[in-house]
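Here are my notes on this one, as numbered points. Have the viewer open while you go through them.

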Amino acid sequence: MEEKELIQSCLDGNKQNLEELIKSIQSLVFNLSLRFLWNRMDAEDATQEILIKVITNLSKFDGRSKFNTWVYKVATNYLLNIKKTT
């Protein structure tokens with residue numbers, strides 16, 4: 001399934017495709033979190049929060065970039081905000 005079709009299917013309520021989409025980005029988000037935070041438990045927590053942000057804001061993805069690029073931006077913004085507050 002093409003990226004746009006997969007995302008639209010998720011927005012239409014297909015839970016199986018949403019699970020597939022999340023699994024496809026989970027390692028990207030975790031590895032980025034680990035590089036930012038240098039602590040496995042903190043990175044796992046941040047990954048969960050970021051994945052929730054991605055799911056809840058999925059409708060804001062407009063397709064002008066690759067999905068992974070958008071996820072990377074969401075994750076980076078979240079992690080930078082964490083760094084500012086600690």
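1. The chain as a whole has a mean pLDDT of 96, with 100% of its residues at 70 or more; pLDDT is the predictor's confidence in each residue, from 0 to 100. Helices here are DSSP runs of H or I, at least four residues, numbered from the N terminus.

2. Ground rules: this is a predicted model, with local features needing pLDDT of at least 70 and side-chain atom pairs counting only at pLDDT 80 or more, while totals for chains, interfaces and linings use all residues. Residues are numbered from 1 along each chain as its sequence is written, and side-chain values use heavy atoms, leaving out hydrogens and water.

3. Now the packing of helix H1 (residues 3-11) on helix H2 (residues 15-37): their axes come within 8 Å and cross at roughly 125° (lines fitted to C-alpha atoms over the stretch in contact, angles running from 0 to 180 degrees between N-to-C directions).

4. Who touches whom? H1 brings Leu6, Ile7, Ser9 and Cys10, and H2 brings Asn17, Leu18, Glu20 and Leu21 (contact is heavy atoms within 4.5 Å).

5. The structure has three salt bridges (a Lys or Arg side-chain nitrogen within 4 Å of an Asp or Glu carboxyl oxygen). One of them pairs Glu19 with Lys23, closest N and O atoms 3.3 Å apart. These two sit about one helical turn from each other because they are four residues apart in helix H2.
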